[in-house]
Every structure is written in C-alpha cells, then in structure tokens.
Amino acid sequence: MHPEPLYRTANLRPAFQLRYGWTGWPSNTPFPTDLLSRVLPDIASEWEKDGLRVLESSLGPEQIQLTLSTTPQISPLTLAGRVKGRIQHHCRRRGSPIDFSRKLAVRSLGDPTRAQVESYICNQVPNEALADEGFRGMLTAFTVVNPRVDLSQPTETNSGRYWYTLHLVLVVSERYRIGAAATLGKIRDTALRICAQKGYAASTLAVLPDHLHLAVRGNVAQSPEEIALAFLNNLAHVLDQRPWWLAGYYAGTLGEYGMAAVRRKCEDGRI
C-alpha cells in the first residue's frame, strides 16, 4: 500500500520559466499564410486558457514556427496537441481546412542555455560558502555528472521529436542544512532511482546541504509539475515520510541557445 503523497498541486507554490519552440509542417498542400496570420490572434485567448502564450511566430507556406511560454501544468505532448488542434479547428471553421504532417517538433528553450546550467550545477559545491573545507570535500561525492546522458538529443515519438530539458531545484524546508553524509547520499541515490523509474535522464545533479539541483530530460507525457512532484514525494518517502522540502520548486526549460538566438532564427525562418 502506497502512502498518501505529502505534496500535491493544490499546496505548491512554484517558480518557473518555461518556454518552447513548436514547429509544424504541411502534409501536402502549402500552408495558407494569409489565413494563418488572421487566425492566430483569434486563438490567443483560448491558448491562454490552456496555459499557453505565444511569444513569437513565423508563418511560411512550408512551416509554422511558434515560440510559447507555458504554465508548469502543461506537458510537451499537451502543448503539441493544443497548438495543432486549435489551429486546425479555426481554419476549418473559416472554410479552409489544413493538414499537418504527422511529425512535428517541440524544443525547450531557455536563458541560460543547457551548457551554462550544467556548468552551474557542477560548480555548486566549489562555489558554496563553507567554513569547513573538509565538509566541502565530503560534499563533492554528492555531485553526479553522467556523460552518457546528452540532453541536446531529442526524444523520438510517433508524433515527432521533442527536446524536453529542465533545470529543477528543490529547497529543504526552512533552509535547514543537512550535514549527514548518509542522508545526502540517500537523496542522491533516490533522485537517480526516480529518473530510472519514471523515464527521466539526469545529465547533472548536485545535492547541497539545503537544496537539490538537477538538469534532466523529462518524460514528454509529464508536465514540469508532475516531474517535480515525483521528486518531492519520493524523496520525502525515503526520508521517513516527512515534509523535508518546501512545498514548491523551481522549473526552467533549457535549450542549446538562448531567446535572443531564437528571435533571430524565427525572423529568418530557421528555428
């Protein structure tokens, strides 16, 4: 019998910055760009209710490119379905149905980039303000870098390619500082086990006395909040089913380039 989860969506106070690029291609007939330019503003309020907001767009006959921000309850699969479905619905209502290729692309984006966040996580222990250098040496055992996990590579599904990479941070309740090596090791090992069981892959992980950092490829069917809850509840469970963590998290999307580069690429049609 599984214990009741200590953390639920209703009692979380997250911080987040979640941005994605979405690209769709026509099945056969080129996209009607004039129609699309009129349709997108009409869909904006519906996407807002879905938890999506369009930040940038580039409309061409051979591809549609959108940059979107989302709330943390939206998974990449949900994003892909809502964007494609609402565009098709509105075009059909105007008497000009369009067909998308079965394949599409969703790419997580962010400032800072993936490489910068991975470097930041690796440097958490060296940069931590500590009076005891012996304790710093002990902490290095709880930073994990897995060279077999390349977060620049996409997840392939029947519907397309998904680059879904997150920087996830959990904070110990009341910033209590954990000093016991056994407890820090349990957090590290359990976080890696959660990844294996849930279909995530962490390239970099750092357990600090009062917080946890991960750079992780998520399961595209799960939202950032579902992923955060998996860590919050499973880590609480192995730590005597007590609320060790603040009822919240930080989740930020990562990409191979920042938003300035995305805007340039969107302007010249090469996102």
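Guide: Let's start with a hairpin. Strand β10 (residues 201-208) and β11 pair in the antiparallel sense over seven bridges, and two residues link β10 to β11 in that hairpin. Bear in mind that this is a predicted model: local features need pLDDT of at least 70, side-chain atom pairs count only at pLDDT 80 or more, while totals for chains, interfaces and linings use all residues. Numbering starts from 1 along each chain as its sequence is written, and side-chain values use heavy atoms, with hydrogens and water left out.

Visitor: What makes β10 and β11 a pair?

Guide: Two strands pair if DSSP finds at least two bridges between them, and β10 and β11 have seven. The strands themselves are DSSP runs (E, at least two residues; helices are H or I, at least four), numbered from the N terminus.

Visitor: Which other strand is joined to β11 by seven bridges?

Guide: That's β9 (residues 165-171), also antiparallel to β11. Here Leu166 has Val216 of β11 as its bridge partner.

Visitor: Why is β11 called largely enclosed?

Guide: Buried means under 20% relative accessible area, exposed over 50%, and partly exposed in between (1.4 Å probe, protein chains only). Seven of the seven residues of β11 (residues 211-217) are buried, so the strand is largely enclosed by the rest of the structure.

Visitor: How do you know that both faces of β11 are covered?

Guide: In a regular strand the side chains alternate between the two faces of the sheet. On one side of β11 sit His211, His213, Ala215 and Arg217, on the other Leu212, Leu214 and Val216, and all are buried.

Visitor: What makes the buried residues of helix α3 lie on the same side?

Guide: The buried residues in α3 (residues 114-122) are Arg114, Val117, Glu118 and Ile121. They cover an arc of only 100 degrees around the axis, which puts them on the same side of α3; the arc is that of the directions from the helix axis to the C-beta atoms. Their cover includes α4 (124-127), β9, β10 and β11.

Visitor: Why do β3 and β7 count as edges?

Guide: They belong to an open sheet of six strands with mixed pairing, in the order β3-β4-β2-β5-β8-β7. β3 (52-59) and β7 (155-157) each have a single partner strand, so one side of each is left without a neighbour in the sheet. Within this sheet, β2 (residues 19-26) and β5 (residues 100-109) run antiparallel and are joined by seven bridges; Trp22 has Val106 as its bridge partner in β5.

Visitor: What makes the set of 73 residues a nonpolar core?

Guide: The term means buried Ala, Val, Leu, Ile, Met, Phe, Trp, Tyr and Cys residues joined through side-chain atoms within 4.5 Å. The largest such set has 73 residues, and those with the most contacts inside it are Trp22, Leu79, Val83, Ile87, Leu212, Phe231 and Trp245. Its largest share, eight residues, comes from helix α7 (residues 224-238). Leaving aside neighbours within four places in sequence, Leu79 is in contact (heavy atoms within 4.5 Å) with residues including Tyr20, Trp22, Leu68 and Val106.

Visitor: How do you know that Asp42 and Arg94 form a salt bridge?

Guide: The definition asks for a side-chain nitrogen of Lys or Arg within 4 Å of a carboxyl oxygen of Asp or Glu. For Asp42 and Arg94 the N to O distance is 2.3 Å, so the pair qualifies. Asp42 lies in helix α1 (residues 33-50) and Arg94 in the loop between α2 and β5, so the pair ties together parts that are 52 residues apart in sequence. Asp42, at 37% relative accessibility, is partly exposed, and so is Arg94, at 39%.
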